[in-house]
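Try each task before you read its solution.

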Amino acid sequence: MSTIKWGILATGGIAATFTEDLKLLPDAEVVAVGSRSIASAQAFADRHGIPRAHGTWADLAADPEVDIVYVATPHSAHYDAVTTCLNAGKAVLCEKPFTLDRARAAELVDLARERGLFLMEAMWMRCNPAIRRLVELVREGVLGPVNTVHADFGISVEVGPDHRLRDPALGGGALMDLGVYPVSFAHMLLGAPERVQSWARLTPEGVDENTGMLFGYEDGAVAMLSCGITTHSPVTASVSGPLGRIELPHLFFRPEAFTLYRTDGEPETFQVPFDGNGMNHEAVEAMRCLREGLLESPLVPWQATLEVMGLLDEIRAQAGVRFPGE
């Protein structure tokens, strides 16, 4: 597989960003795009120089030239889109959050395992070079045992009740769209917690608009996390231990640098710049796995995706957020 050929499922902003980042990779080629509308697919294809446009997801999944499909629909449609692709024999990189709940995520993992196909959640943060370096340092013991993780992701937006951020039918709310980053960050460093406590203010539609989360671990570590769609927060993160702390700047989920503050030394800033928007790193990882015949990525393993989805389920339950059909 000297060149891996991609199909893009959906035509929104994230799909466009990912497609542009794929152009940075000499061993990747976007050969097709699919949408529920042939007009939308063709317009996207024309805009990004993609040779083929399909008017249904099934047609994209059946395209014999496509090696792997990137699913970029709203998360309420992830389950159906990924199922369509896996049943057609295609490997999949699916945007976060993986599905609306852990049960459906587990079904997709089981289907990928049954079909012998690669499947990965597009949690690009875990593939970011600076984040990978941070994890290495933590595992090497530069902080000692991790005691505390902080992370927030809040934006202040004014959108109507039909917008995906406020529509329960589209998996709306701050948690699913933004909170998945702080939750994944804490999970990446501390694993699944023993206890979860959360609070949220809900919109009139019944989704969370301002949410706080506290994770407790058996060894005494804690993670303090927040997300919101009515709050202009710093969008930063930190991880601390007895020997020091590491601070990540604004947009902590796609950093190009971070700073290590040692208790017995001078601060040290690690610069890890990258080209593009940063979504190319998850594509590189997915292609590496395809070439090596892996079904899952060690950077974004299935178990991590399932555990994070389980945490999102618990937080929503405590906050009183219910999606249609639950």
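**Exercise 1. Is Ala-10 buried or exposed, and what is its relative accessible area?**

Start with the ground rules. This is a predicted model, where local features need pLDDT of at least 70, side-chain atom pairs count only at pLDDT 80 or more, and totals for chains, interfaces and linings use all residues. Residues are numbered from 1 along each chain as its sequence is written, and side-chain values use heavy atoms, with hydrogens and water left out.

Step 1: learn the scale. Buried means under 20% relative accessible area, exposed over 50%, and partly exposed in between (1.4 Å probe, protein chains only).
Step 2: apply it. Ala-10 has a relative accessible area of 11%, so Ala-10 is buried.
Step 3: find its place. Ala-10 sits in the loop between strand 1 (4-9) and helix 1. Helices (H or I, at least four residues) and strands (E, at least two) are DSSP runs, numbered from the N terminus.
Step 4: check the backbone. Phi of Ala-10 is near 115°, a positive value in a residue other than glycine.

**Exercise 2. Which peptide bond is cis, with omega near -20°?**

Step 1: name the bond. It runs from Lys-96 to Pro-97.
Step 2: Pro-97 lies in the loop between strand 5 (91-95) and helix 5 (102-115).

**Exercise 3. Describe the largest nonpolar core.**

Step 1: define it. A nonpolar core is a set of buried Ala, Val, Leu, Ile, Met, Phe, Trp, Tyr and Cys residues joined through side-chain atoms within 4.5 Å.
Step 2: count. The largest core has 117 residues.
Step 3: find the main contributor. Helix 7 (residues 174-190) supplies the largest share, twelve residues.
Step 4: In soluble globular proteins, nonpolar side chains tend to be buried together.

**Exercise 4. Which span does the UniProt domain annotation cover?**

Step 1: read the record. The unreviewed UniProt entry gives "domain: GFO/IDH/MocA-like oxidoreductase" for residues 131-247. Such annotations may be inferred rather than shown by experiment.
Step 2: describe the span. Residues 131-247 are 22% helix and 34% strand, and their end C-alpha atoms lie 11 Å apart.
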